[in-house]
Protein chains: 2
Amino acid sequence: MKKMSDKQGLSPDAVIDRLKAKGISATRQRVQIAELLFAKPQHLSADQVLERVNREDSTASKATIYNTLNLFARKGLVREVIVDPSKVFYDSNTSEHHHVYNLDSGVLTDIEFTSINMAELPPLPTGTTPVTVDLIIRVRESS
Amino acid sequence: MKKMSDKQGLSPDAVIDRLKAKGISATRQRVQIAELLFAKPQHLSADQVLERVNREDSTASKATIYNTLNLFARKGLVREVIVDPSKVFYDSNTSEHHHVYNLDSGVLTDIEFTSINMAELPPLPTGTTPVTVDLIIRVRESS
DNA sequence: CAGGTAATCTGGACTTATTCCAAAACCTTC
DNA sequence: GAAGGTTTTGGAATAAGTCCAGATTACCTG
Ligand SMILES: [Mn+2]
Ligand SMILES: [Mn+2]
Ligand SMILES: [Zn+2]
Ligand SMILES: [Zn+2]
């Protein structure tokens, strides 16, 4: 009987393949971080990744967490979401979508790309090409 | 002959009125910061405000710059723009508009609100009300 | 397997935007 | 001009993120 990975999400092998597909060598630390991130679409800060990776048995240092998240972002495995001036969120949902940020709770939620009807981009400053388009709706608890 | 303010922009009195209209008492430091910001629509970091306010004669401390920018933001006189994880921009253009952020140069540019055709907002998480909607297009020099 | 080389990881120091604090300066009112 | 609230201020504190130089690990070749 094949053992499935603990939680839902990709099997370790699938994670390794995903890293290798981007030309990233699959070290122990990288695989662990990737397994955590790719388990489901989610938004985690570097601190949260550090805490969760080290919660169980093995460990990864703070420097490695940052190195790895930056590497993954550069390679397109995660998306950096800049909504809170005090920390960056790393988003394992790499499909096109937008965000709702709850200023009261700090919770970041996805919004379907299609539920926002945006015309094509306006003329950008000359000599520039778009890299990312982010729509962020900040909300408050409507007590 | 009425003396106009140095650069273009509101006269000192107009600035003071604008502060008072928001219930902000017009101290020397606040007026100076407001004069700088309201001179034209622009995007400045706290550091840039500190540097420019203190470049000329009088002074304001770092703590006061932050206090004042946070106060102005809370009162709606400036808009905080979160595009760079390393610093907040304060935007003296309070009309509805969007932003282009040049990742290479760090320059932040306005985009007409109307040039983006957005349908009404999608359903937000229940129990929340929208506060701000920000569209940010990150670009690179297309060398 | 062994040795050599490059890549990766790590603890801890460092940087830096922002906030915090308690004392000083300022304003307004009697 | 004393009282009392508000604002400012220098400097300390906080915390995300980066840097660094020395291990550790991975990979390659024979
Ligand atoms: Mn980064
Ligand atoms: Mn703020
Ligand atoms: Zn997301
Ligand atoms: Zn703007």
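How many residue pairs are in polar contact across the interface of chain B and chain A? The rule finds 13, counting pairs with both residues at pLDDT 80 or more. The notes below concern this interface in what is a predicted model.

1. Extent. On the chain B side, 35 residues are in contact with chain A, and 35 residues of chain A take part in return. The area buried between the two chains is about 2900 Å². Carbon and sulfur atoms give 65% of that area. Within chain B, the residues that lose the most area to chain A are Ile82(B), Pro122(B) and Arg138(B), and together they make up 18% of what that side buries.

2. Salt bridges. Two salt bridges are counted between chain B and chain A. One salt bridge joins the side chains of Asp134(B) and Arg138(A), with 3.5 Å from N to O.

3. Elements on the chain B side. Four strands of chain B each supply at least two residues to the side that touches chain A: E2 (79-84), E4 (97-102), E5 (108-112) and E6 (128-141). E6(B) gives the most, with 14 residues. By residue class, the chain B side divides into 21 nonpolar, nine polar and five charged residues.

4. Strand E6 of chain A, residues 128-141, pairs with E6(B). The sense is antiparallel, and the pairing runs over 13 bridges. Within this pairing, Asp134(B) of E6(B) has Ile136(A) opposite. Asp134(B) also has its side chain in the salt bridge with Arg138(A).

Conventions: Residues are numbered from 1 along each chain as its sequence is written. Chains are lettered from A and ligands numbered from 1 in the order in which they are written. This is a predicted model: local features need pLDDT of at least 70, side-chain atom pairs count only at pLDDT 80 or more; totals for chains, interfaces and linings use all residues. Side-chain values use heavy atoms; hydrogens and water are left out. Contact means heavy atoms within 4.5 Å. Buried area is the accessible area (1.4 Å probe) that two parts lose on being put together, summed over both. A salt bridge is a side-chain nitrogen of Lys or Arg within 4 Å of a carboxyl oxygen of Asp or Glu. A polar contact is a pair of N or O atoms within 3.5 Å; within protein, one must be able to donate a hydrogen and the other to accept it, and residues adjacent in sequence count only if both atoms are side-chain atoms. Ala, Val, Leu, Ile, Met, Phe, Trp, Tyr, Cys and Pro count as nonpolar, Asp, Glu, Lys and Arg as charged, and the others, Gly among them, as polar. Two strands pair if DSSP finds at least two bridges between them.
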